[in-house]
Amino acid sequence: MPPAPLNRPLPALRSRLPAVLAVVATVAAGLSVRALTGGWFGKYAGDALYTVLVHALIVLVRPRVSPVRAAAGALAFSWAVEFAQLTPVPAALSEMSVLARLVLGSTFGVADLLAYIAGAAFAAAAHALLRRAVPPGDPGEPARRVHRR
C-alpha cells in the first residue's frame with residue numbers, strides 16, 4: 001500500500017480529529033462554565049459536559065462507534081462514577097488529589113444523574129449530526145453497517 005500523500009492526513013488521524021476537537025472544546029466549555037457561572041446552572045452544566053467529554057473520549061478511541069452506543073457508554077460510566085460516590089472511596093481520593101476530585105467527585109446527588117442524561121443526549125445528537133455531515137466516500141467517514149432483513 002503506497003504511503004498517504006503528505007497534503008492529506010492519514011485516515012486514522014482524520015477520523016479521530018473531530019473527536020480530539022470535541023475533547024478540547026468540551027474541556028474549554030467546562031472550564032468556562034466553572035469560571036463564569038455559578039449556582040445550579042454551573043453545577044449541572046458541568047455534570048452534563050462531563051458526560052459529553054466521556055462520549056468524545058469513547059469516539060476518540062473507537063471512531064466508528066455509533067452515536068447511541070457512545071452515549072450509552074458515556075452515560076454508564078458517568079452513572080458508575082456517581083454511584084461510586086455512595087462509598088467513601090471517591091471522597092477520600094478527592095481529598096488527596098485535585099484531579100481525583102474533578103474526575104470522581106465526592107458526593108452523590110440524584111439530580112446529577114439527570115444532568116448526565118442531558119449530556120449523553122446532547123452528545124449523541126451532535127455526534128449523529130456530524131456523521132451525517134461527512135460526505136459519502138470520504139476517507140474519514142466511519143464505516144456504516146448494512147443491515148439486511
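## Packing of α2 and α3

In this predicted model, α2 and α3 pack at an angle of about 130°, with their axes 8 Å apart; axes are lines fitted to C-alpha atoms, for helices over the stretch in contact, and angles run from 0 to 180 degrees between N-to-C directions. The two helices are therefore oblique to each other, a term for angles that are not under 35 degrees (roughly parallel), over 145 (roughly antiparallel) or 65 to 115 (roughly perpendicular). Helices are DSSP runs of H or I with at least four residues, numbered from the N terminus.

On the α2 side, Tyr50, Thr51, Val54, His55, Ile58 and Val59 are in contact (heavy atoms within 4.5 Å) with α3 residues that include Pro67, Ala70, Phe77 and Val81.

## The largest pocket

The largest pocket has a volume of about 970 Å³, the space filled by probe spheres set on grid points joined across faces, edges and corners. A pocket is an open set of points on a 1 Å grid over the protein atoms alone, where a 1.4 Å probe fits, with protein on both sides within 12 Å along at least five of seven lines; lining residues have an atom within 4 Å of a point.

α2 gives the most to this lining, with ten residues.

## Basis of the values

Residues are numbered from 1 along each chain as its sequence is written, and side-chain values use heavy atoms, leaving out hydrogens and water. Local features need pLDDT of at least 70 and side-chain atom pairs count only at pLDDT 80 or more, whereas totals for chains, interfaces and linings use all residues.
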